[in-house]
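User: Could you walk me through reading helix packing and pockets in a model like this one?

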Amino acid sequence: MIIDMQNICKEYTQGKMKIPVLKDICFQMEEGEYTAIMGPSGSGKTTLMNIIGCLDRATSGTFLLDGHDVKNCSENQMSDIRLEKIGFVFQTFQLLPGMSALENVALPLTYAGIPKKERLRRAAELLDRVGLSDRASFKPSQLSGGQKQRVAIARAMINHPKILLADEPTGALDSVSGEQIMKLFEELNGSGVSILMITHDANIASCASRIVEIKDGILSKTGGQSEKEVITK
């Protein structure tokens, strides 16, 4: 079990008021799964993603990530978990503009203390895997949106994470580029990568093997088939 969440609640304090965002979330995901969490703006899906990605903490409940009890981790331990177990793909790419594609991909290995020669070798391999070996020296400003997202996916995979978290990964892309990114996710999942994707788009969610819907901080459907599975049966 890569993710095991039981009775997760999250609330924020605003003045004297407590604002509930997530309400008694129970969610599990096996290693190797490709799951989409789908919901409208304000549904709590990004808050849930931030907790799963160890960027935020639940107010209450139990959360095990790859067997580790995240609730009892220190900030440094949560940072280590993010570095070692999680790859992030964001809607806005989050690439450093002054670095080349190769340097952006290699960046997480710097924090992991990997020697430069090995960092660049592994980054070059991943750029080749996502079809961008000929763009290794290009800065983000010289890349299309789809190319930027492929660089971001390569960067997310550089530490061989246990799970890839993608937050609206096609939100800033045209439809053709979005389809290419979804094809890449399918290939990565086929090679054994666990993928959890956040989206508001039913067409994008249907690329996953399982869809979980969230509305008003409540998971309204779990364990169901995606539209893709229904269509192909």
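Predicted model: local features only at pLDDT ≥ 70, side-chain atom pairs only at ≥ 80, totals over all residues.

User: How do the axes of helix H3 and helix H4 cross?

Analyst: Two packed helices are described by the angle between their axes and by the distance between those axes. Here, H3 (residues 101–111) and H4 (residues 116–129) have axes that come within 8 Å and cross at roughly 125°. That angle makes H3 oblique to H4, and the crossing is right-handed.

User: Which residues in H3 and H4 meet?

Analyst: From H3, Ala101, Leu102, Val105, Ala106, Leu109 and Thr110 take part. They meet Arg119, Leu120, Arg122, Ala123, Ala124, Leu126 and Leu127 in H4. Sorted by class, this contact has ten nonpolar, one polar and two charged residues.

User: Okay, pockets next. What lines the largest pocket?

Analyst: Rolling a probe the size of a water molecule over the atoms shows where empty space is left. In this model, the largest pocket holds about 500 Å³ of space. Its lining has 18 residues, with Arg82, Leu83, Phe88, Pro108 and Tyr111 nearest the centre. Helix H2 (75–85), strand E6 (86–90), H3 and helix H5 (145–157) each supply at least two lining residues. By class, that lining has eleven nonpolar, four polar and three charged residues.

User: And which helix gives the most to the lining of the second largest pocket?

Analyst: That's H6 (residues 175–190), with four residues. The second largest pocket has a volume of about 190 Å³ and is lined by 14 residues, with Thr170, Ser175, Gly178, Asp201 and Ile204 nearest its centre. Its lining has four nonpolar, six polar and four charged residues.

How values were computed. Residues numbered from 1 in each chain as written. Heavy atoms only, no water. Axes fitted to C-alpha atoms, helices over the stretch in contact; angles between N-to-C directions. Parallel < 35°, antiparallel > 145°, perpendicular 65-115°, else oblique. Left-handed = near helix turned anticlockwise from the far one by under 90°. Contact = heavy atoms within 4.5 Å. Nonpolar A, V, L, I, M, F, W, Y, C, P; charged D, E, K, R; others polar. 1 Å grid on protein atoms, 1.4 Å probe; cavity = no way out; pocket = protein on both sides within 12 Å on 5 of 7 lines; lining within 4 Å. Points joined across faces, edges and corners; volume = space filled by probe spheres on them.
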